Amino acid sequence: MTPTDPTYLALRMKAVESLLIEKGIVSSEAIEAITDAYERDIGPMRGAAVVARAWVDDDYKRRLLSDAPAAVAELGIGGFGAETLVVVPNTARIHNVVVCTLCSCYPWALLGLPPRWYKTPEYRARVVRWPRRVLTEFGLTLPNDVEIRVWDSSSEARYMVRPQRPAGTDGLAERELAALVTRDAMIGTGVVSNPAS
Amino acid sequence: MAEMPTMFKRNGAHDVGGMAGLGPVPMAIDDAVGHPAWESRALGATVAAVTTGMLVPPTQRAVIEALHPVVYLSMGYYERWLYALERCAITAGVVTADEIEARVADTLANPDAPMPVHHRPEILDAVKGLIAHGVPRGPERLGQPPRFAPGDIVRTKRIELRGPGRPHTRMPGYAQARVGVVEMVHRPMLLEDTLIASGQTEFEYVYAVRLRTRDVWADAEDRDTVIVDLWESYLEKDALPASNPQDVPQQDVSQ
């Protein structure tokens, strides 16, 4: 495929789709069921609900860290990546970051489709080797005594970070807490901050 | 004991972990742009093709990894997916390369031609099942227990892909020939290496193995670590005495 302009690729995709429909491999409705699900219904709000629940409920947090697939199923969350989910907790001493150096594995069921930068060679190549430099590009500078743990998703396990709860949020309800949790905080390229402070 | 840096073994252009010479992460291309419609359809068609068995993810990966390195790095992410969709359709005998090129020529000449309509409720149902429940997991345990436990010191092997019968692996180049500590034991997973090499379905325990980043790259920060998931056959027991295995990546194990 030498021509790489978007118009050409769009028409090539259309050609392949039409052939696969005729051969009974796919259908337009099935394709649209997938694109609707991941562009409309499934996104980082799911992961944020899980994080907020773990912040307010210690028993839930323990279940989440020991058996994430079962714990997210309690909140009605399943699908690609949920069945092999592992949640890694940030602490005052350890900051976790998720990557897939070989392709772009990502917990779709919890965070939706990955952002475009997550799939670039720049992120995949550099965050394993120079995590501090890469996090600085995201505006995140961590204290020198914090160990950065970069999780390379090379198997079917899908990693998600449980960020630290920001100080001064004791009075917030679970739903308000969930609204503070960003996608990047669950990838590990960000942290959750308290907007009131 | 000392590992020579020259033992670093990269398996292909996809195996980018640690690659130097790339610029800052291009974050600006992200949310403002979103996915063009054709990329969404490439994603949707790929997932639908998984439900009908035409494409399995390990094969999709192997097809993409076989791309010439220059081509791999110059293609967009979903461009690779479209390429793999075509290759998998051809390999499965669903279409021929000539059929695809002929249809592409027709579509370029007549871009507004209507899409054929085939209602296939069974495909739609299978796709909805995948969205809701994901893919079936492998066995919960194997006939034998896991060979390693959390805290064990392990040595990672080298994988020779150019040797006979191993065109694909999930072991990154940077993780080969290292000493690390088992951080967690995952459930058994399909070993993609043998599936691609011989079509055999084998399951192995998988371990999250913690490496000291500085042991892999001399210019890395001393206190950072990288944790990589490795199948049991990628690992062997290390002969080092394990006085305090949790601390080993913090020490220089080559001394």
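B:Ala84 is found in helix 4 of chain B, where helices (H or I, at least four residues) and strands (E, at least two) are DSSP runs numbered from the N terminus. The model is a predicted one, in which local features need pLDDT of at least 70 and side-chain atom pairs count only at pLDDT 80 or more, whereas totals for chains, interfaces and linings use all residues. Residues are numbered from 1 along each chain as its sequence is written, and chains are lettered from A and ligands numbered from 1 in the order in which they are written.

B:Ala84 is buried because 24 other C-beta atoms lie within 10 Å; a residue counts as buried if 20 or more other C-beta atoms lie within 10 Å of its own, as exposed if 12 or fewer do, and as partly exposed in between, with C-beta atoms placed from the backbone. Residues up to four places away in sequence being left out, B:Ala84 touches B:Gln60, B:Val63 and B:Ile64, contact being defined by C-beta atoms, placed from the backbone, that lie within 7 Å. B:Val70 is 14 residues from B:Ala84 along the chain, and the C-alpha atoms of the two are separated by 16 Å.

Chain B as a whole contains 8 helices and 5 strands, which follow one another in the pattern α-α-α-α-α-α-β-β-α-β-α-β-β. Of its 255 residues, 40% count as buried, and among the contacts in chain B with a separation of 6 or more, 73% are between residues 24 or more positions apart. Chain B is divided into domain 1 (27-133) and domain 2 (141-250), with bounds that come from an automatic or database domain assignment. Between these domains, 5 residues of domain 1 of chain B are in contact with 5 residues of domain 2 of chain B, and the residues on the domain 1 side comprise 2 nonpolar, 1 polar and 2 charged; here Ala, Val, Leu, Ile, Met, Phe, Trp, Tyr, Cys and Pro count as nonpolar, Asp, Glu, Lys and Arg as charged, and the others, Gly among them, as polar.

The contact between the chains takes 77 residues from chain B and 73 residues from chain A. On the side of chain B, the elements that give two or more residues are helix 1 (37-51), helix 4 (77-91), helix 5 (97-109), helix 6 (121-133), strand 2 (179-190) and strand 4 (225-231), and the largest share, 10 residues, comes from helix 1 of chain B. By class, this side has 45 nonpolar, 15 polar and 17 charged residues. Strand 3 (residues 147-152) of chain A and strand 4 of chain B run parallel and are joined by 4 bridges, strands being taken to pair if DSSP finds at least two bridges between them. In this pairing, B:Thr225 is the bridge partner of A:Arg149.

Apart from neighbours within four places in sequence, B:Leu230 is in contact with B:Thr156, B:Met171, B:Ala175, B:Val206, B:Tyr207, B:Val209 and B:Leu235.

In chain A, the buried residues of helix 2 include A:Ala30, A:Ile34 and A:Tyr38, and the elements covering the buried residues of this helix include helix 1 (6-22) and helix 6 (108-111) of chain A together with helix 1 and helix 6 of chain B. Helix 7 (residues 121-129) of chain A has 7 of its 9 residues buried, so it is largely enclosed by the rest of the structure. Its buried residues are covered by elements that include strand 2 (94-99), helix 8 (131-137) and strand 3 of chain A, together with helix 8 (213-216) and strand 4 of chain B. Strand 1 (residues 85-89) of chain A is mostly covered, with 4 of its 5 residues buried, and this strand pairs in the parallel sense with strand 4 (residues 158-162) of chain A over 5 bridges.

A local backbone feature occurs at B:Ala177, which has a positive phi of about 55° although it is not a glycine. Most residues other than glycine have a negative phi. B:Ala177 lies in the loop between strand 1 (153-156) and strand 2 of chain B, and counts as partly exposed because it has 16 C-beta neighbours inside 10 Å.

Methods:
Two residues are in contact if their C-beta atoms, placed from the backbone, lie within 7 Å.
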